[in-house]
Amino acid sequence: MRVPAFLRSSTTRFFALVFVIQLISGTALLMFVRHIIADELERTSRTLVTELHDDLVADYKQEGLSGLRRLISERLGSTPARDAAVLLDDPVGNQLAGNIADWPPIVPFDSGWQVVTLYRMGRDHPEPMGIIASKLPDGTHLLVGHVVEGDLRVRELTGEAMAAALLLAVPLALLGAIVATRVITGRVERIAETARRVGMGDLSLRVPHDAGMHDAFSDLAASINLMLGRIEALVAELRVVTDSLAHDLRSPLTRLSATVERALRETDDEAAISALERVGSEAGTLLAMLSTALQISRAEAGIGRDRFVATDIGQMIEDLAEVYGPLAEERGFLLSASGTAAGVVHRELIGQVIANLVDNALKYGRAGGTIALSARQDEGAVILSVTDDGPGIAEAQREEALRRFGRLDPARSASGAGLGLALAAAVARLHGGTITLGDNAPGLSVRLTLPQDTA
Amino acid sequence: MAQKILLIEDDRQTAGYIVKGLGEEGMTVDHADNGRDGLFHATDGGYDAIILDRMLPGMDGMAVLGALRAGGIHTPVLMLSALGAVDDRVAGLTAGSDDYLAKPFAFAELLARLRLMLRRGGVGAQPTTSLACGDLDMDLLSRKVKRGARAIDLQPREFRLLEYLLRHKEQVVTRTMLLEGVWDYHFDPGTNVIDVHVSRLRRKIDDGEAVPLIHTVRGAGYRLGTEG
């Protein structure tokens with residue numbers, strides 16, 4: 001049998017554990033108290049009976065049978081002995097004294113403490129009583145008892161009180177379990193929430209904890225904060241490295257393109273011009289690759305989240321379709337955009353990604369075919385897709401296509417650095433979303449799923 | 001009078017190339033190769049524009065800009081930087097620069113942006129209701145365009161493209177400037193999308209006319225003007 005998911009959750013188990021432990025300890029406590037009360041009552045009755053019995057036997061020893069009969073009558077007539085029961089029988093069973101008519105058949109002639117129900121003379125109902133029976137040296141039998149009806153009533157009442165207390169204990173245990181679960185899960189959730197927001201890119205966050213406290217949670221918080229500090233330092237380092245890389249590579253590229261530009265102005269030689277233009281174009285390609293690689297690194301490091309703004313994504317793809325429309329038309333494609341969506345995104349990076357995807361579709365799609373851009377909203381997510389009807393990408397190669405510098409064409413004959421899809425994947429991750437490559441049957445379908453509110 | 005430009009740039013080759021290029025365009029250029037000297041020259045005053053590198057020895061370009069603006073000096077500043085990501089550009093513009101150009105850049109782009117900046121700094125923007133170049137007229141209110149007696153029917157985006165070119169007539173306008181000015185795109189669309197848009201516009205404006213108005217400037221961009 002399958003266990004429902006909520007029962008498998010450790011929160012539920014913890015809750016149940018606290019609840020059951022509280023109920024068991026509450027019940028045990030009540031039973032202990034009840035036992036002590038019952039014990040005390042019985043002990044008191046027993047002492048009363050034993051004292052009376054011992055008094056009577058001592059009197060018998062001193063004054064004989066007649067003295068004993070007199071004392072029994074005296075004792076039964078006095079107020080403190082209101083609950084007393086006594087029977088003195090001769091060896092053949094005739095009553096000599098006392099307030100019980102006959103020797104009860106269930107009581108042996110010589111017995112220790114026991115509780116039985118007997119009729120006293122002049123009473124209209126049998127009463128429970130604790131008794132002691134003994135045989136006197138002359139063969140007479142003495143039974144001394146004390147009515148314990150009140151004790152039994154008290155026992156009954158404590159039982160009822162216990163049941164009521166247990167009923168009250170259930171909601172109290174429930175409340176206790178809720179509070180305990182809240183306190184524990186609250187602390188765990190604070191850690192989880194911090195980890196989640198750090199995962200979303202806010203690397204400056206730390207788990208709140210009281211530095212003065214020393215428990216498992218503050219130790220955990222301290223360790224996590226140490227780790228987060230290290231991650232933040234590493235990302236800051238990466239930012240410095242990428243920025244320096246950008247600087248160190250861009251300066252020579254600036255000089256290179258300046259030199260080419262000057263040379264172009266100073267020559268009329270067609271061959272030289274075309275060679276210089278090729279150099280310029282290669283420098284441009286190099287720069288574009290460098291820029292994209294840097295953009296990917298920055299996106300992977302979560303840099304740029306502070307630039308997220310509420311964006312009309314439907315309008316954005318329409319604009320892009322308009323920008324690319326004439327070019328697509330010129331190359332024999334039909335470019336369309338459809339759907340509406342809005343979300344909090346990095347406008348430029350998403351724009352760059354869609355532009356790259358359209359570029360890819362124009363490069364690899366089937367001329368005469370359709371390139372479709374679409375955006376829609378689905379359960380808190382924005383789904384952006386670009387599809388073409390070219391040859392597509394075989395399923396086995398899709399993972400490679402998303403990798404940086406991953407090229408599907410081993411001869412590397414087609415232009416491009418193989419960074420477009422890698423950038424798309426990095427930007428999707430920056431937004432906390434995903435990218436999937438699918439079959440458009442025929443063609444490629446690239447789908448970005450972004451959480452609508454990533455801020 | 002020749003326009004006076006202050007160049008603050010530590011890379012000697014880049015600086016030499018800019019000084020030479022701007023000199024050829026008839027401008028006077030002073031050069032400082034570190035932030036402190038640059039700030040000293042800039043506060044001394046008398047410049048029409050400042051070209052400021054972002055990463056400088058001695059004093060960072062952003063700090064120089066901050067000190068200038070704090071000191072009440074509002075000379076237009078074109079910031080040059082190897083840090084070309086959108087976030088960096090936004091940071092530069094927020095700090096008070098008037099324009100931001102990422103390295104590596106084409107000289108034509110630098111010149112085009114510098115000229116645009118100088119013009120903005122010189123003449124206060126006057127509200128205009130019509131633009132013209134030669135026999136091309138654009139009425140901004142009725143959104144009608146005429147070449148001589150011929151009415152030209154333009155798509156909204158073509159209208160904005162032509163408007164941008166008319167507002168910067170006789171100046172070189174680069175593809176990046178068009179992307180930013182007309183489409184508000186701060187990213188590189190990769191392929192020659194802008195060229196296709198301009199060539200469509202050119203067909204509508206210039207086809208069948210004796211004097212072409214839209215000119216391609218090799219290696220730089222486009223220029224709208226009556227002279228080829």
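The model is predicted, so local features need pLDDT of at least 70 and side-chain atom pairs count only at pLDDT 80 or more, while totals for chains, interfaces and linings use all residues. Residues are numbered from 1 along each chain as its sequence is written, chains are lettered from A in the order in which they are written, and side-chain values use heavy atoms, with hydrogens and water left out.

**Chain B**

- Chain B has eight helices and 12 strands, taken as DSSP runs numbered from the N terminus (helices: H or I, at least four residues; strands: E, at least two).
- Of its 228 residues, 51% are buried, meaning under 20% relative accessible area with a 1.4 Å probe, protein chains only.

**Chain A**

- Chain A contains nine helices and 12 strands.
- Buried residues make up 40% of the 455 residues in chain A.
- In chain A, 61% of the contacts between residues at least 6 apart in sequence join residues at least 24 apart.
- Chain A exposes about 24,400 Å², and carbon and sulfur atoms supply 59% of that area.

**Extent of the interface**

- The size of an interface is often given as the accessible area lost when the parts come together.
- Chain B and chain A bury about 3,500 Å² between them, 52% of it on carbon and sulfur atoms; this is the accessible area (1.4 Å probe) that the two parts lose on being put together, summed over both.
- The contact involves 36 residues from chain B and 38 residues from chain A.

- Six salt bridges are counted between chain B and chain A, each a side-chain nitrogen of Lys or Arg within 4 Å of a carboxyl oxygen of Asp or Glu.
- A salt bridge joins the side chains of D319(A) and R157(B), at 3.5 Å from N to O.
- On the side of chain B that touches chain A, α1 (12-24), α4 (86-94), α5 (107-122) and α8 (193-206) each supply at least two residues.
- The largest share of that side, five residues, comes from α1(B).

Notes. Buried < 20%, exposed > 50% of the residue type's maximum accessible area, 1.4 Å probe, protein only. Contact = heavy atoms within 4.5 Å. Areas by Shrake-Rupley, 256 points an atom, 1.4 Å probe, with all protein chains shown as cover.
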